Amino acid sequence: MKIGFIGLGNMAGTICQGLIKSDFIDGSEVYGYDINSQQLMMFEQDFGIHVCSSEQDVVKNCDYLVMGVKPNVVESVISKIKSQGVCSALLEVCFIDNSNDIEIYQKNKNKLATAVAKGIATGFNLKYISDKNSPHSTDVSEKAKDVPAG
């Protein structure tokens with residue numbers, strides 16, 4: 001099993017470290033790319049991960065993908081990797097950078113979650129399906145692959 005990380009910042013980097021430190025996976029089975037080359041080199045030196053030269057390079061080498069990028073670059077990253085045959089990805093996104101953001105987030109979390117899910121579905125050419133009957137519904141519960149004929 002090979003896991004790829006696009007972005008190794010605070011959250012995704014912690015996930016990566018946890019997977020390796022818990023012996024869930026060996027660092028030699030992890031591929032990573034980050035725009036911060038110092039962060040990337042630290043993961044290579046400390047955890048033995050493979051450093052990739054681009055987002056596409058990560059996708060080519062992994063079975064599972066974790067995207068840990070800022071919301072303002074999600075669309076760009078998805079555009080770069082979708083032609084590589086990504087069938088699934090775990091997307092880690094943080095909307096709270098300071099204490100004032102929590103109030104804004106609490107008021108808009110359902111709309112925000114819906115927008116993110118629709119954006120991801122669109123970016124990966126998936127069909128967005130709403131499940132309003134779910135007890136935990138935020139209008140974002142299921143996405144089904146829209147497979148073209150032929």
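Among contacts in the protein chain between residues at least 6 apart in sequence, what share joins residues at least 24 apart? The share is 53%, where a contact means heavy atoms within 4.5 Å. Welcome to this predicted model, in which local features need pLDDT of at least 70, side-chain atom pairs count only at pLDDT 80 or more, and totals for chains, interfaces and linings use all residues. Residues are numbered from 1 along each chain as its sequence is written, and side-chain values use heavy atoms, with hydrogens and water left out.

**Overall layout**

- The protein chain has five helices and seven strands; these are DSSP runs numbered from the N terminus, with helices being H or I of at least four residues and strands being E of at least two.
- Starting at the N terminus, the order of elements is β-α-β-α-β-α-β-α-β-α-β-β.
- Of the 150 residues in the protein chain, 29% are buried (buried is under 20% relative accessible area, exposed over 50%, and partly exposed in between, using a 1.4 Å probe and protein chains only).

**Confidence**

- The chain's mean pLDDT is 75, and 61% of its residues reach 70 or more; pLDDT is the predictor's confidence in each residue, from 0 to 100.
- Residues 134–150 have pLDDT below 50, and this stretch has 27 contacts in the model beyond near neighbours in sequence.
- Where pLDDT is low, the predicted coordinates should not be read in detail.

**Nonpolar cores**

- The largest nonpolar core has 14 residues, of which Ile 6, Val 58, Leu 65, Met 67, Val 69 and Ile 81 touch the most other members. Such a core is a set of buried Ala, Val, Leu, Ile, Met, Phe, Trp, Tyr and Cys residues joined through side-chain atoms within 4.5 Å.
- At least two residues of this core come from each of strand S2 (30–33), H3, strand S4 (64–68) and helix H4 (74–81), and H4 gives the most, with four residues.
- A second, separate core of 13 residues includes Ala 12, Val 30, Leu 40 and Phe 43.
- Leaving aside residues up to four places away in sequence, Ile 6 touches a list of residues including Tyr 33, Glu 55, Val 58, Leu 65, Val 77 and Ile 81.

**Helix H4**

- Val 74, Val 77, Ile 78 and Ile 81 are the buried residues of H4.
- These four sit on the same side of H4, because they cover an arc of only 100° around the axis; the arc is that of the directions from the helix axis to the C-beta atoms.
- An α-helix has 3.6 residues a turn, so residues three or four places apart point the same way.

**Glu 55 and its salt bridge**

- The structure holds one salt bridge, which is a side-chain nitrogen of Lys or Arg within 4 Å of a carboxyl oxygen of Asp or Glu.
- Lys 80 and Glu 55 form a salt bridge, with their closest N and O atoms 3.4 Å apart.
- Glu 55 lies in helix H3 and Lys 80 in helix H4, so the pair ties together parts that are 25 residues apart in sequence.
- Glu 55 is buried at 8% relative accessibility, whereas Lys 80 is partly exposed with a relative accessible area of 36%.
- Not counting residues up to four places away in sequence, Glu 55 touches Ile 6, Tyr 33, Val 77, Lys 80 and Ile 81.

**Ser 53**

- Ser 53 belongs to the loop between strand S3 (50–51) and helix H3 (55–61).
- Ser 53 is exposed, with a relative accessible area of 63%.
- Although Ser 53 and Tyr 33 are 20 residues apart along the chain, their C-alpha atoms are separated by 6.6 Å.
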